[in-house]
Amino acid sequence: MCRLVTHPGRPVDGFGSDSSPRITVTVTSVGGALPGAAETHILSAPRTLRRTARAYLSLTKPRVVELLLVVTAPTMILAEQGIPSLWLVVATLIGGSLSAGSAGAFNCYIDRDIDRLMKRTQNRPLVTGELTDRQALVFAWLVGLASILWLLTFTNWLAAALSLGAILLYVVFYTMVLKRRTAQNIVWGGIAGCMPVLIGWAAVTGDLSWPPFVLFLIIFLWTPPHYWPLSMKYRDDYQAAGVPMLAVVRGRSQVGLQVILYAWATVACSLLLVPIADMGLLYLFVALVTGAWFISETHRLYGLAIRHVEVSPMRLFHGSIAYLTLLFLAVGVDPLLPF
């Protein structure tokens, strides 16, 4: 006798959830050696091309890629002191997306063990079983190689070399060396996230000068007050996975204080761009107003932390994204204005 029951979205192998329907087949033997014994099998519905493509896209961490592109295009406008070639912008953004996507895929492959222990990452494709480890690793290598060849072909050798450097920094320096060893992992590991401004500048000019390094430093100093609030929210996740984020090894008050210090440093660095890159009144206004708001949000988080009341770290996390987006929007618009 055979009984079939479908279970949409039921987890398989204990790893997260899956949107495909599961078919439970229960077979009961009649008159055999073990009468009445039942054997149950769980069958997965065939994966579609769309689902597989979505899984590969998820490996690239598209939200991270999107944020990196937000800082690249304005940097290219500043480097050109006007609108660069549209094709050059598109080619650089494509190459940058491939580079960041490759780094993200390598990260998912290397961290697949701790991703299975964290609620925040339970839907990643290597956790749910949507993709195999081999598929993810091959994909990461192919996309990384494509990014370097693409930038080498359509921009220049310096942009391509910086793209390779960004991948190595994120995969080796951050993921393999720092992440599981030190609470300063996100500080120095954040260097990889600063590379898009150097790549964008190099794609336009073929060299590097002081302005892109100031932009680099802005993102470097911005990364801790952006990411540490997220680690506060998911502190239990990181603790369970054995990742020594600052929120795990130090109390909320200490994290809040560090966030304030880095926010002040970020805003101060943003003002350095005015004399170094000859920025105008629009950029100065945006840097001052958004910087004051950003700093006030960090003080708010710290104030709640030291009073031992419920904090809302994700407010600062999302606010920091808005701050960086507005600041770089001003970087891109300011050179186009006559004042």
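This is a short walk through one protein structure, from its overall makeup to a few single residues.

Hi everyone, and thanks for coming. Please keep in mind from the start that this is a predicted model. The protein has 339 residues, and 49% of them count as buried. In the model you can pick out 15 helices and three strands. The accessible surface of the protein comes to about 16,400 Å², and carbon and sulfur atoms hold 67% of that.

Let's go inside. In soluble globular proteins, nonpolar side chains tend to be buried together. Here, the largest nonpolar core has 76 residues. Which members touch the most others? They are Val197, Leu215, Ile218, Trp228, Leu273, Tyr283 and Phe328. Helix H10, running over residues 210–233, gives the most to this core, with 12 residues.

Next, a buried serine. Ser147 sits in helix H6, which covers residues 133–154. Is Ser147 buried or exposed? Its relative accessibility is 0%, so Ser147 counts as buried. What surrounds Ser147? Beyond its neighbours within four places in sequence, Ser147 is in contact with Gly95, Leu98, Ser99, Ser163 and Ile167. One of these, Ser163, is 16 residues away along the chain, and the two C-alpha atoms are separated by 7.4 Å.

Now out to the surface. Leu86, Trp87, Val90, Ile94 and Phe154 form a nonpolar patch there, and together they have about 470 Å² of accessible area. Helix H3 provides the largest share of the patch, four residues. Ile94 is in H3, and because its relative accessible area is 32%, Ile94 counts as partly exposed.

Lys61 is found between helix H1 (49–59) and helix H2 (62–80). The backbone is worth a look here: Lys61 has a positive phi of about 55 degrees, although it is not a glycine. Is this lysine buried or exposed? With 16% relative accessibility, under the 20% cut-off, Lys61 counts as buried. Gln81 also has a positive phi of about 55 degrees without being a glycine. You'll find Gln81 in the loop between H2 and helix H3 (86–110).

My last stop is Arg116. Arg116 is in the loop between helix H4 (112–115) and helix H5 (125–128). Its relative accessible area is 35%, so Arg116 is partly exposed. What lies 3.2 Å from a polar atom of the Arg116 side chain? That is the backbone oxygen of Leu126.

Note on methods:
Residues numbered from 1 in each chain as written. Predicted model: local features only at pLDDT ≥ 70, side-chain atom pairs only at ≥ 80, totals over all residues. Heavy atoms only, no water. Core = buried A, V, L, I, M, F, W, Y, C linked by side-chain atoms within 4.5 Å. Buried < 20%, exposed > 50% of the residue type's maximum accessible area, 1.4 Å probe, protein only. Helix = DSSP H or I, 4+ residues; strand = E, 2+ residues; numbered from the N terminus. Polar contact = N/O pair within 3.5 Å; in protein donor to acceptor, adjacent residues only side chain to side chain. Contact = heavy atoms within 4.5 Å. Patch = residues over 30% accessible without salt bridge, like charges linked within 9 Å, V, L, I, M, F, W, Y side chains within 5 Å. Areas by Shrake-Rupley, 256 points an atom, 1.4 Å probe, with all protein chains shown as cover. Salt bridge = Lys/Arg side-chain N within 4 Å of Asp/Glu carboxyl O.
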